Structures are given as C-alpha cells and as structure tokens.
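Reader: Please take a close look at one part of this model, the contact between its two chains. I would like a connected account of what meets there and how the two copies are related.

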2 protein chains.
Amino acid sequence: MAVQTSEKPSARKRLVADRARRTSKADQVYTEIKEAILSGALAPGGAIDKLALCAKLGVSRFPVTAAINRLAFERLVVIEPQHGSFVAKIAANDVREWMMIRRALEAEIAAEAARGLPAETQREIERNLRYQQAAAEAGDVAGFYVLDVEFHKLIVDGMALRHAREILDGLRSHLERVRRIALSPPGRLPSAHAEHKRIFDAILSGNGADAAAAMRAHLDETTATFERIAVQNPENFIG
Amino acid sequence: MAVQTSEKPSARKRLVADRARRTSKADQVYTEIKEAILSGALAPGGAIDKLALCAKLGVSRFPVTAAINRLAFERLVVIEPQHGSFVAKIAANDVREWMMIRRALEAEIAAEAARGLPAETQREIERNLRYQQAAAEAGDVAGFYVLDVEFHKLIVDGMALRHAREILDGLRSHLERVRRIALSPPGRLPSAHAEHKRIFDAILSGNGADAAAAMRAHLDETTATFERIAVQNPENFIG
DNA sequence: GCGCCTGTGCTAGCATGCCAGACGCTAGAG
DNA sequence: CTCTAGCGTCTGGCATGCTAGCACAGGCGC
C-alpha cells in the first residue's frame, strides 16, 4: 500500500547539522502516541492496537514498535509480552512521589538560581509573570496553565540544567495526565500567580534558602490540588 | 519432523508473574552492552559495531538495535543516523549536574526517612554500617564501594520510592563510569563511613532537617572527590 | 452436567532483506 | 601540487514474513 514517492536526491550538500533536526518516522509515531496518552485520548489501562496505528499513520510495524518501547521505558505504557501493550494506569501514590521529586529538584534549582540568574532569563520571567497576572484576572485557566509550565521551565533552562530539565519534563508528562482529568478551580489562579511572584522575588534577592522555601510552599499547594483531583475522581486512579 | 517431546503439559498453572521475570533477547543484549559501557570496556566516544555484537551474541540485528535505542534514551550512547552509534562522552559539567540532582533528591528522601523508617530497613542499614566499618579498617576500597551504593539504596527502598529509585539508578550508572576511572583514595573510607553513620543517626533521631543536612554534607564531599578525578584525568572528559 | 484439554485467534519478539544517507578514498582536472 | 567530483562501502532506518507464547472458547471425556 504505502506508495513511497521518493523525491529526487537533488541537493548533494552535506548538512551535518540536519542530522539533529532530522525526524525519523519512529519519532513521529512516538510523538503521536504520547500526545494521545497525555491528552487522555488513550485512557489509562486501555489497550494500544499496533496494527490500527500502522494503518492510521501509514507506516510499518517497526516504527510503532520502537515508539512503544520508548514509551514503555518512560513508564507511560506497559508491555505484557505475548499479550499486548497498554496505557499505564495512574496510582495515587505515584502522584505523591512525583510531586516529592519535583519539590526536591525545583527547590534545589531555585536556591541555585538565587546565586545568579542570567539577565535574559530574568526579563523572560518578568514578562511571563505579567502574562500570568493578565490570565489570572481574566480567569483563563487553560492559558494560565501554559504560562505556569513555562515559568518553571524558564528557571531550569536559565540555569542550563539539561538533565534536570529532562527529568522534570518526564515527571510533568505523567502529572499532565492527572491534570487533564480536572482543571484547577479558577480561584486558584491569583494565588498561584502570587506564589510564582514570591519565588521570583526570592531568587532576585539572592537568598537561596528563601527561594527554596518559596518553591516548596508553591509545590506543596500544587500537590494539595492534585490530591483533591484524586479524591474527587477516584475512578481514574488505582491504589 | 523434529518431534518436540513437549514436556508433560502437566503444570497448567498460569504463572502470570513469569511474564515479568521473562527476559527477552533484547534485554540480555541491553544488559551486556550497558555492563561493557559502565565497566569501561567500551570507552567514551568509542564506536559500537552492531554487526560484531550480533555475531558475538548470536542474535540478529533486531535485539541489538532495540537495546541500543534504549541506551540512547538514557543517554549512555549517541546514535548518529546513517553514520553510527557511539558511547556517550562525559562532560565535567554533566557530573556536577548529576551530583546536584542526587543531592537534592537524597536529601529530601533522608528528611522523609527521618519521619519514619521501617524497622526492617533500620536493621539492614545497621548491618551495612558495621560491614562498612570493617571494609574501611581493612582498606578494601572495592568492597567499601559496594556497601556505599547499598547504603544509599537501602534508604530509598525502605521508603518504597520506586520512581526516585529509578532516577537515582540512572544517575549512578553515569557516575559509575566516572568512578571507574579512578577509585577514591583509601584515606577517604573512614570519613565516608563516619558521614554515613551521621546520616543514619540523624534519621533515627527523627530530625528531618538534620538528616537532610548530613546527606548534603556527605554528597558534597563525594562531589569534591569526583571533581578531583576530573582534574587529574582530563583526557577522559570533555568540556 | 462438569471439567480438562485442545484448537483458534490474537499479541509481541525476532530474522532478514532492502533503501537511503554519510564518509572516505581515489582519480582526474585545473 | 591542490582541489574536487564521483564512486564504493559502511551505517542506521524501515518493511515484511515468520515464530512462539498467551487467552479464550468450544469440544471431548468423565
């Protein structure tokens, strides 16, 4: 089926940089499935039909298998040999542990940031905080969430912490599934914005302990929100 | 043809648990290569010859490709499409970041442990500390290292933190490569044992802040050791 | 009527063959 | 002598066919 219309090999230019940019089919399938899991289109515990995916995406089983293996590695899917692949379920205990890890890491990073954050990053965070305020005042929950995620990423990226960034992204991808179940109440927005501002001010003041404490307080609030979601939607959780 | 004397179908017991125990060829290859990388048999920057591995392990390219993909996912190897697969190099900056993440996580866990560690775990740690003392007095660097790793794992496992355990194992696998380059000087052993004991005592005392501080102090010392290794063996590092 | 056994339809795991891209060497042109 | 174009060879990416193991259901013996 899949009619491979191979284009002309025209340009013989050696673009080594393209190697990084190049996106394999396996990558595309990976992104596709991950998106579906995070958005909830594939429900926790649901089976993943490889052949249907092959047909839908017009690729062979190889890229699909590779993608699912990668997702299994980051614990978003569970592979049962000779049986099937399933979207991982969410345990309430896991949510607590993920948030504990986030708290430990981000508090440490906030303390580190207090010892010096690039000026460029500072400007970006200031802009982000202004947008947060606007979104909070408008009651734009979805918009605020995007800014919220960006705020946390800006600090990590500003400190050029590649590995911490990857770990936190992995945690967030799990937590994102929980958040999808129920958005925070609009009333939470102004306080979240205030907490973010407190973190940023502490970082600017150069007091690492204060910055860490502010980050801890903020993430403890977030954890409480997740707990509420779990309590109010027990059908989506195990344990 | 080949009369497969299928054993007695007797045992009809469905051992679902076996599914988890089952080890695929890809798993075996993965373990094999990872071991080679961590032990230094495959040097940083070195090329990985897939076909040689296929021949050596008597499998086709499929399990090897899957294994290398997994290793690339945890950043132990780098795949350059249409070019080759190489053992990841070690950057001095990465070592600092890995240790920062360890410090943040393990300090948090120590604080958590101070709020209550299972009695069984306490006994195991006490035993471990006695062995540490013996190894330190005997100047058994290699033996002490095994106990050192076990000490840190015991605390995490005692708190039943699966995800933190995985993250820390991943970090340790990277750091293990650095440590292989140069073992700690024997003179470090008694102080390391003393630091471990201080951590454990703080945990038992129930003071979370003390436990976290003790863990931080210990890991800062360890970081200093890594820094020395990097300075004394610049040829093994980039950046 | 009940339970074990076997057949059937699924799955993931694996082997293999082919393709396209990236290097490196060499030969030929300037 | 130098530079470049081209070809050979190596690599990873992908498609596809086959194997083995699990689950479930229906048939056979009891």
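Author: In this predicted model, the contact draws 31 residues from chain A and 30 residues from chain B, and together the two chains bury about 2,900 Å², of which 60% lies on carbon and sulfur atoms. Polar contacts between chain A and chain B amount to 16 residue pairs, counted where both residues have pLDDT 80 or more. On chain A, the elements that give two or more residues to the side touching chain B are α4 (61-73), α5 (92-114) and α8 (162-181), and among these α5(A) gives the most, with eleven residues. Sorted by class, that side of chain A holds 14 nonpolar, three polar and 14 charged residues.

As for the relation between the copies, chain A can be laid on chain B with an RMSD of 0.1 Å by a turn of 180° and a shift of 0.0 Å along the axis, and the two are therefore related as by a two-fold rotation axis. Within chain A, the C-alpha nearest that axis belongs to A104(A), at 2.7 Å from it. The two sides of the contact correspond as well: 97% of the interface residues of chain A are also interface residues in chain B, so the copies meet through the same surface.

How values were computed: Residues are numbered from 1 along each chain as its sequence is written. Chains are lettered from A and ligands numbered from 1 in the order in which they are written. This is a predicted model: local features need pLDDT of at least 70, side-chain atom pairs count only at pLDDT 80 or more; totals for chains, interfaces and linings use all residues. Side-chain values use heavy atoms; hydrogens and water are left out. Contact means heavy atoms within 4.5 Å. Buried area is the accessible area (1.4 Å probe) that two parts lose on being put together, summed over both. A polar contact is a pair of N or O atoms within 3.5 Å; within protein, one must be able to donate a hydrogen and the other to accept it, and residues adjacent in sequence count only if both atoms are side-chain atoms. Helices (H or I, at least four residues) and strands (E, at least two) are DSSP runs, numbered from the N terminus. Ala, Val, Leu, Ile, Met, Phe, Trp, Tyr, Cys and Pro count as nonpolar, Asp, Glu, Lys and Arg as charged, and the others, Gly among them, as polar. Copies are superposed by least squares on the C-alpha atoms of residues with pLDDT of at least 70 in both.
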